[in-house]
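Subject: The structure for you to look at

Hi,

Here is the structure I promised to pass on. Have a look at it first, then read my notes below.

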Amino acid sequence: MELSGKVGLVTGATRGIGAAIARELARQGANVALVARHDREEARGVLADLEAMGRRAVILPADVSRAEDCARCVQQTVDALGRLD
């Protein structure tokens, strides 16, 4: 799948399935917003991996159980990466 020019947002992006999804989106060409409630150091590691692939990425700290955090993440993704697909 080719995702060049696309932007994804991944919750739980600091480890496990979330980190794997973020890395795969980047491998396929997407820029990625990484939503992380905890483990900011781990999030920076995933961010570094994506940037090493030549992708743009941003870390967004949030609690996705809160509607206002979700809305903020969407807006911050658009502000930082230009869109959200």
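Let's start with helix H2, on the side where Glu41 and Ala52 are exposed. Before going on, keep in mind that this is a predicted model.

Which residues of H2 are buried? They are Ala43, Val46, Leu47 and Leu50. Looking down the axis of H2, you'd find these buried residues within an arc of 105°, so they line one face of the helix. The general rule behind this is handy: an α-helix has 3.6 residues a turn, so residues three or four places apart point the same way. The cover over the buried residues of H2 includes H1, S2 and S3. As for length, H2 has 13 residues and reaches 18 Å from its first C-alpha to its last, close to the 18 Å expected at 1.5 Å a residue. After H2 comes Gly54, with a positive phi near 85°.

Now for helix H1, which runs over residues 16-27. Its twelve residues should span 16 Å at 1.5 Å a residue, and the end C-alpha atoms are 17 Å apart, which agrees. Gly18, Ala19, Ala22 and Ala26 are the buried ones in H1. Seen down the axis, they fall within an arc of 100°, so they line one face of H1. What do the buried residues of H1 pack against? They pack against strand S1 (7-11), strand S2 (31-36) and helix H2 (40-52). Exposed residues Gly16 and Ile17 sit on the face of H1 turned away from its buried side. Just after H1 there is Gly29, which takes a positive phi of about 110°.

Next, the salt bridges. A search of the whole structure finds six of them, and here are some to find on screen. Arg23 pairs with Asp49, with the closest N and O atoms 2.7 Å apart. Arg23 lies in H1 and Asp49 in H2, so this pair ties together parts that are 26 residues apart in sequence. Arg23 is partly exposed at 24% relative accessibility, and Asp49 is partly exposed too, at 31%.

Asp69 also forms a salt bridge, with Arg72, and there the closest N and O atoms are 3.6 Å apart. Both residues lie in helix H3, three residues apart, about one turn of the helix. Is Asp69 buried or exposed? At 11% relative accessibility, Asp69 counts as buried, because the cut-off for buried is under 20%. Arg72, on the other hand, is partly exposed at 31%.

Arg83 and Asp85 meet through their side chains in another salt bridge (2.5 Å, N to O). Arg83 is partly exposed at 37% relative accessibility, and Asp85 is partly exposed at 47%.

Two last things to look at. On the surface, Val74, Val78 and Leu84 form a nonpolar patch, with about 190 Å² of accessible area together. Val78 belongs to helix H3 (residues 67-81) and counts as partly exposed at 33% relative accessibility.

Then there's Val64, in the loop between strand S3 (57-61) and H3. Val64 is partly exposed, with a relative accessible area of 43%. Leaving aside residues up to four places away in sequence, Val64 touches Thr11, Val35 and Cys70. The C-alpha atoms of Val64 and Gly8 are separated by 16 Å, and these two residues are 56 residues apart along the chain.

Cheers!

How values were computed. Residues are numbered from 1 along each chain as its sequence is written. This is a predicted model: local features need pLDDT of at least 70, side-chain atom pairs count only at pLDDT 80 or more; totals for chains, interfaces and linings use all residues. Side-chain values use heavy atoms; hydrogens and water are left out. Helices (H or I, at least four residues) and strands (E, at least two) are DSSP runs, numbered from the N terminus. The expected span of a helix is 1.5 Å times one less than its number of residues. Buried means under 20% relative accessible area, exposed over 50%, partly exposed in between (1.4 Å probe, protein chains only). The arc is that of the directions from the helix axis to the C-beta atoms. Contact means heavy atoms within 4.5 Å. Patches are made of residues with over 30% relative accessible area and no salt bridge: like charges are joined within 9 Å, nonpolar side chains (Val, Leu, Ile, Met, Phe, Trp, Tyr) within 5 Å. Accessible areas come from the Shrake-Rupley method with a 1.4 Å probe; for residues, only the protein chains shown count as cover. A salt bridge is a side-chain nitrogen of Lys or Arg within 4 Å of a carboxyl oxygen of Asp or Glu.
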